[in-house]
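I opened my notebook to look through a protein structure one feature at a time. Here is what I looked up, in the order I went.

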Amino acid sequence: MNLTTRYMGLTLKSPLVASASPVSHTLDGIRRLEDHGASAVVLFSLFEEQIEHDMAAMQHFMEFGTESFGEALSYFPAVDEFDVGPTQYLELLRKASEAVDIPIIASLNGTTERGWVDFALLMEAAGASAIELNLYYIPTEMTRTGAEAEQQCVDVVTRVKAAVEIPVAVKLGPYFSSFANMAHRLDRAGADALVLFNRFYQPDFDIEERAVVPSLSLSRPEEMRLPLLWIALLHKRLRASLAATTGVHGAVEAIKYLMAGADVVMSTSAVLEHGPSFFARLTADLSEWMQRKGYSSVGQLRGSMSQHNFPQATALVRANYIKTLDSFRPRR
Ligand SMILES: Cc1cc2nc3c(=O)[nH]c(=O)nc-3n(C[C@H](O)[C@H](O)[C@H](O)COP(=O)(O)O)c2cc1C
């Protein structure tokens, strides 16, 4: 079975990639992902706040879930053991790039123009095969327009692309007024891949303690629908590769994303639940399904249900929505 895949210019042995997660905090975790078949690893994000020794954002990610998922426990280093400074990040990146044969994609969340560009350059120098720009930003300023917030994202991509030579992916959320236009603008700014979608951190309230509770729950397969729709709508309409992230808990979700047109399919929650061996099962199940259905390469599968290729062009949009609503109408 030929699972070989091209993703933003990189040749991968399969389309199954480990997305940013605490598993990549250690060299051992990264090695285990490779051993179990992940075709590339996106490292956890370096936040610009960390560079300034503000650990809040990372602490939130790292505290998440350590009580709830026994299997995952060993992948979460204690916060005080983990010096999240850029030196350590770059050191891990350098070691990982040397230690494994699969591409290591560094992930960056900047706040200033200098932060984005300088750290992208350092990541490139440390051996990253590519950089994923984690455009995690919630525009809360009342006077900031949508156009300004969008332009800021485009500018980040333009500047980082002008500075580095390795491929640059952009991981972003769906909350833009016209997502197709936003994807198009990022594509034109030089993004080599779009990673759809970032899951935004939505804190909960503890009503007894009147406290804001960091809550980052693991995904469920149903959450894949929004990225699935957008990947199906964007397939063949951009120069950039498309990566699917959210809700991949087994081969069924991976196959759906590939049929929609994803070049690669990423997973974090399932790896935190089951450990890196999830990738071995995913690879075996994908190969078995493809063999059973008579596919000999992922290329044959890719995009077969995208809007571009699917005969019922309206099935993904408004017409089907009306039909679906109609199916709930009481019948006499
Ligand atoms: C504990 C945890 C830590 C994460 N850390 C990062 C991160 O550092 N950078 C990032 O871009 N995404 C991060 N993510 C998001 C994942 O990479 C992924 O996009 C998201 O969880 C959706 O995929 P999934 O359904 O396979 O979990 C994190 C997710 C979890 C659950």
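**Entry 1: the whole chain**

I began with burial, and found that buried residues make up 52% of the 332 residues in the protein chain. I noted that this is a predicted model. Next I looked up the secondary structure: the chain has 13 helices and twelve strands. Then I turned to contacts between residues at least 6 apart in sequence, and 70% of those join residues at least 24 apart.

**Entry 2: helix α4**

I picked α4, which covers residues 86–99, and checked its length.

Which residues of α4 are buried? I listed Pro86, Tyr89, Leu90, Leu92, Leu93 and Ala96. Looking down the axis of α4, I saw that its buried residues fall within an arc of 160 degrees, so they line one face of the helix. A reminder to myself: an α-helix has 3.6 residues a turn, so residues three or four places apart point the same way. On the face of α4 turned away from the buried side, I found the exposed residues Thr87 and Glu98.

**Entry 3: the largest pocket**

I looked for empty space next. Rolling a probe the size of a water molecule over the atoms shows where such space is left. The largest pocket has a volume of about 420 Å³. Its lining has 18 residues, and the closest to the pocket centre are Leu228, Leu229, Ala315, Leu316 and Asn320.

Which helix gives the most to this lining? I found that α8 does, with five residues. At least two lining residues come from each of α8 (225–234), α9 (251–260) and α13 (318–327). I also sorted the lining of the largest pocket by type: 13 residues are nonpolar, three are polar and two are charged.

I looked up Leu282, which sits in helix α11 (residues 278–293). Leu282 has a relative accessible area of 2%, under the 20% cut-off, so I wrote it down as buried. Leaving out residues up to four places away in sequence, Leu282 touches Leu16, Val248, Gly250, Ala251 and Ala254. I also checked Gly37: its C-alpha atom is 8.8 Å from that of Leu282, although 245 residues separate the two along the chain.

His249 came next, in the loop between β11 (241–245) and α9. Is His249 buried or exposed? Its relative accessibility is 17%, so His249 counts as buried. Among the residues that His249 touches, beyond those up to four places away in sequence, are Ser219, Arg220, Pro221 and Phe278.

I kept the backbone angles for last. Most residues other than glycine have a negative phi, and most peptide bonds are trans. With that in mind, I noted a cis peptide bond between Leu196 and Phe197, with omega about -5 degrees. Phe197 is in the loop between β8 (193–196) and β9 (204–206).

I then found a positive phi at Arg210, near 50 degrees. Arg210 lies in the loop between β9 and β10 (211–213), and is exposed, with a relative accessible area of 78%. Lys236 has a positive phi too, near 70 degrees. I located Lys236 in the loop between α8 and β11, where its relative accessibility of 57% makes it exposed.

Conventions
Residues numbered from 1 in each chain as written. Predicted model: local features only at pLDDT ≥ 70, side-chain atom pairs only at ≥ 80, totals over all residues. Heavy atoms only, no water. 1 Å grid on protein atoms, 1.4 Å probe; cavity = no way out; pocket = protein on both sides within 12 Å on 5 of 7 lines; lining within 4 Å. Points joined across faces, edges and corners; volume = space filled by probe spheres on them. Helix = DSSP H or I, 4+ residues; strand = E, 2+ residues; numbered from the N terminus. Nonpolar A, V, L, I, M, F, W, Y, C, P; charged D, E, K, R; others polar. Buried < 20%, exposed > 50% of the residue type's maximum accessible area, 1.4 Å probe, protein only. Arc of directions from axis to C-beta. Contact = heavy atoms within 4.5 Å.
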